[in-house]
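Please look at the sequence and the structure below.

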Amino acid sequence: VTPLLLMLVFGIAEFGVAFGQWQTLSNAAREGAREGIEFRVPCDGATVQTEIQNAVTTAAASLGISSPAVTTNGECDGSGEPLTVRATVPYTFQVLPGLTGISANITLVAESVMRNE
């Protein structure tokens, strides 16, 4: 019974870590979207993408997420169309640390959509 109980306890703990990282990634995508919808005159798409990437990376670093992949769509669109920021990061879910047979590679995905100003 002990091995099963240990797997259950460590699985719950690992799920908590993964959920915390997903929440942080979600907040980072939101921060990137906030950065991207600010009113700029003139608006340069490449500069806005760089600012969004920097905002997402800085916000994601608070829980140790390094270099998330960030894609954007709709920056510098002043017509009220939405800006979409999507951040992804790979994650290895390990039920018991050290046992490679009981693990899964998943991708944490967070997306934020905000209306351009």
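The sections below treat the basis of the model, the helix packing and the surroundings of a glutamate.

## Basis

This is a predicted model, in which local features need pLDDT of at least 70 and side-chain atom pairs count only at pLDDT 80 or more, while totals for chains, interfaces and linings use all residues. Residues are numbered from 1 along each chain as its sequence is written, and side-chain values use heavy atoms, with hydrogens and water left out.

## Packing of H1 and H2

Helix H1 spans residues 2-36 and helix H2 residues 45-60; they pack at an angle of about 150°, with their axes 8 Å apart. The two are therefore roughly antiparallel (an angle over 145 degrees). Axes are lines fitted to C-alpha atoms over the stretch in contact, and angles run from 0 to 180 degrees between N-to-C directions. Helices are DSSP runs (H or I) of at least four residues, and strands (E) of at least two.

On the H1 side the contact (heavy atoms within 4.5 Å) is made by Thr24, Ala28, Ala29, Glu31, Gly32, Glu35 and Gly36. H2 contributes Val48, Glu51, Ile52, Ala55, Val56, Ala59 and Ala60.

Glu75 lies in the loop between strand S1 (69-73) and strand S2 (82-94). Its relative accessible area is 19%, so Glu75 counts as buried (under 20%, with a 1.4 Å probe and protein chains only).

The Glu75 side chain makes polar contacts with the side chains of Gln49, at 3.1 Å, and Thr72, at 2.8 Å. A polar contact is a pair of N or O atoms within 3.5 Å, where, within protein, one must be able to donate a hydrogen and the other to accept it; residues adjacent in sequence count only if both atoms are side-chain atoms. Leaving aside neighbours within four places in sequence, Glu75 is in contact with Gly45, Val48, Gln49 and Leu83.

How values were computed
Parallel < 35°, antiparallel > 145°, perpendicular 65-115°, else oblique. Buried < 20%, exposed > 50% of the residue type's maximum accessible area, 1.4 Å probe, protein only.
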